[in-house]
Amino acid sequence: MPKRKPAKRSAKSKNVSLGTKRARSTSAQRPPTRLRTRRQQAAAPNVLLVNMVPNSLSGETNQDSEPTLAVNPVNPLQIAASAFTPDPGGGDLAPIYVSTDGGNTWVLNSIVPSDSAQGSMTADITVAFGGSSNVLYAGIIRLPIVNNTTRLNILSTQNFLSSTKMKVLLDRTGVDQPFVEASTAMSGAESGNDQVFVGSNDFGASNGQTATIDTSNNGTKFSQVTIESRTTAGQDGPPVRPAIHSDGTVYAVYHAWRTFDSTSGNGTADIVVVRDDNWGSSNPPFSDLKDTDNFSGKRVVQNSAFNFNDFLGQERTGGAVSIAVDPTNSNVVYVSWADEQNGVYIIHLRQSSDRGVTWSPNDLIVITSATNPALAVNNQGTIGFLYQQLVGSGAQQFVTHFQYSSDGQNWTDLVLANTPANTPTKVFDPYLGDYCHLLSLGSDFYGIFSANNEPDQANFPNGVIYQRNHDFNNVQLLDTDGVTPVDPSIDPFFFKVSP
Amino acid sequence: MPAKTKANDASDDAKFLFKGTVQKLGASALAQVPKDEPTAIVHVDEILHAPPALARTLGKQITVKLAKGAKPKVGDQVLFHANSWLFGDSVAVESVKQEVPAQAKSMLGEKTTDPARNLADKELQKRVANADMVIEGEVSSIHLPQSESLSAPRPARPLSEHDPKWREAVINVGVVHKGEATTKQVVVRFPTSTDIQWFRAPKFHTGDRGVWMLQSQKESPAVGTSAKHPTAMTATAIPGATLYTALSPLDFQPADKLDRVASVIRAAVAAKNS
């Protein structure tokens, strides 16, 4: 078995043009698709990038797409992650990825309810740690489905390395794309209790107002809250994303469908932000931010065009949203979303400094032919922005960027991965995932994305560590015997950036 | 409700059946294994059945979380009925039952030497045993169910990326191996979606030939009726016909692969009928 090589930044990587440049943009003057650049003044950030597939699974060729990440605030060495990875043992439990050394090494632990006859995996999965409880939560679409519709489970475990199956906290059908966020209240009536918020698209909601958050003020029992207040096109879109501040402010953004043609897939949506100022317990919940029409939910943008049937390369599109609140100031909140303009998929980023009441009239950043925006703000007020951009023609590449900025104007742009977009051929949708994930703890950013796993160091200009057997010199993955070649596939990659 | 552990699974369902020699008790070959778990380091001597990822452990040392009450000694050779637990630099499994290896010899006698194939055959036998019908036949036509058509009442079903995009295949039945022997045609509803939720389910085309392990609507909650979708499951291709599904990849065995699985299916059908 070849000795695994430690991550090494090549001299070449330091000279890659997008590796450590800083970009400046002003909303009024900036061209929409390019960033004006200037030399970076600050020291280069510390970047850790790890291919998460364990060594004992070196022969796997799964499409491990749509990843999310959870870092334990009590012990940041403990990190959990999820992806569309089947149980390698073929059992009735799907796996999560677990690290106990800050993301340097990973193991798979199969503790998520599933079904061996349906592939020992989930149809959606996201993870989050409580703030101080050490409890890991997960929101999944559980297999097999029942009654011709999707099945939501909200789960928890006190010990993410234990072989004990995660406990089912909530089980409901007719729900799509659960996205879990959690914290622990440090003061007030809920002090010491985990606060869990699971955004979802609940098809059982009345009047087609399907954007929903399941809230829990004790990490055990959940209440279902409809956050859509306006007339929809029969339903809202799949993504509903919460963001929690430690003072009890909870924001959420969703893709509010206003028109939709089921034949063409074309539709228009408002990008709506709701807010609750008391851990989701306002009366009614998530009604603390009103728009000019006096309905709950600020429409950051109206009539944003999308096509639910469209693709960016092999990656399906149809409307993505992300939100992050500044941990130093709950008044400051950022939103990113994707729309389609003249057939081009574009992601946007805007900021509010007054609790979502008003928003920057123009985008802080516009990225064309890109998807999977993910946002986080660290304890310095620095905004981090993760996305995946399709570039080139013919043999296209997916370029995974992480940008960060302390003022929303001057940006440092790190290319984490620049990998083939045409290979491997898609096995299922989504190819890379309907989302990737970014979060912060202290001043550090932690993130996860999925990409082609070819062990080519040129694809990772800020360095990479592989756990699975590989040969960087010959750009070849190897099986557990260290000899047999293994075809490229889609793997999850963990990263940590310390600006 | 208390959390259920994998240890509650019946040993019959264990995915990893192997003979191993205990090397060290109270120890682990994988750093991430919690220290308070009752584990042992075990050398994998022989594998009877296993998924491919665990079949690769032959001749290696792995970590075994011992079944409750088991007290093997160092040097003992044990037959472990286990399921996967942790995959890292090495592998940890959870034993649900341990036996003396002598009991394994008769099990070895009727199996191939390929442990992954042995497990696949066992899984196929289960699908046959649980099927309402097992038929040989050919797809004669594909239809769009009424619930999927544009003229269906809106919203027939809210739109999600997990939409199955159902179709119906009419199968002309050649041989009935299990079920009503006089059946000439059946209707199988199948998802055409390539979404994560459905990509594994077999997709059918006119002219496909092979053996189907079919679940009736009653036994297939995936497409069962509900208050929200009361009309979703009326067969369109043959009005009034019983609707079946074949959602597991094992539920359709194409004609060109029948040499490999025919004996397994026949044996499973015979066992069910005996």
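Modeller: Let's start with helix H3 of chain B, where the buried residues are B:Pro115, B:Asn118, B:Leu119, B:Asp121, B:Glu123, B:Arg127 and B:Val128. "Buried" here is a count: 20 or more other C-beta atoms within 10 Å of the residue's own, against 12 or fewer for exposed and partly exposed in between, with C-beta atoms placed from the backbone. Keep in mind that this is a predicted model, where local features need pLDDT of at least 70 and side-chain atom pairs count only at pLDDT 80 or more, while totals for chains, interfaces and linings use all residues. As for labels, residues are numbered from 1 along each chain as its sequence is written, and chains are lettered from A and ligands numbered from 1 in the order in which they are written.

H3(B) covers residues 115–130, and its 16 residues should span 22 Å at 1.5 Å a residue; the end C-alpha atoms are 23 Å apart, which agrees. That expected span is 1.5 Å times one less than the number of residues. Helices (H or I, at least four residues) and strands (E, at least two) are DSSP runs, numbered from the N terminus.

Staying in chain B, have a look at strand S8 (residues 185–191). Six of its seven residues are buried, so the rest of the structure largely encloses S8(B). Strand S7 (residues 166–178) pairs with S8(B) in the antiparallel sense, over seven bridges; two strands count as paired if DSSP finds at least two bridges between them. Within that pair, B:Asn172 sits opposite B:Gln185. The two strands make a hairpin with six residues between them, and B:Gly179 in the turn has a positive phi of about 110 degrees. S8(B) is also joined to strand S10 (residues 243–245) of chain B, this time parallel and through three bridges. There B:Arg189 has B:Thr245 as its bridge partner.

Strand S7 of chain B also holds B:Ala169, which is buried, with 25 other C-beta atoms within 10 Å. Not counting residues up to four places away in sequence, B:Ala169 touches B:Val139, B:Ile142, B:Val188, B:Phe190 and B:Phe204; for contact, the C-beta atoms, placed from the backbone, must lie within 7 Å. B:Glu138 is 31 residues away along the chain, yet its C-alpha atom is separated from that of B:Ala169 by 9.7 Å.

Now for where the two chains meet. Here 50 residues of chain A are in contact with 46 residues of chain B. The largest share of chain A's side, four residues, comes from strand S7 of chain A. By type, that side divides into 20 nonpolar, 24 polar and six charged residues; nonpolar means Ala, Val, Leu, Ile, Met, Phe, Trp, Tyr, Cys and Pro, charged means Asp, Glu, Lys and Arg, and the others, Gly among them, are polar. S7(A) runs antiparallel to strand S4 (residues 77–87) of chain B and is joined to it by two bridges. A:Asn109 stands opposite B:Leu86 there.

Chain A itself has one helix and 36 strands. Its radius of gyration is 21 Å, close to the 23 Å that the globule rule gives for 499 residues, so chain A is as compact as a globular protein of that length. (The radius is taken over C-alpha atoms, and the rule is 2.2 Å times the number of residues to the power 0.38.) Buried residues make up 61% of those 499.

S8(A) pairs antiparallel with strand S9 (residues 136–141) of chain A over six bridges, and A:Thr126 stands opposite A:Gly139. In their hairpin, with six residues between the strands, A:Asn134 takes a positive phi near 65 degrees.

Last, the nonpolar cores, meaning sets of buried Ala, Val, Leu, Ile, Met, Phe, Trp, Tyr and Cys residues joined through C-beta atoms within 7 Å. The largest has 172 residues, of which A:Ala81, A:Tyr137, A:Ala252 and A:Ile323 touch the most other members. Apart from it lies another core of 30 residues, including B:Ile135, B:Leu243, B:Tyr244 and B:Phe252.

Note on methods: Contact = placed C-beta atoms within 7 Å.
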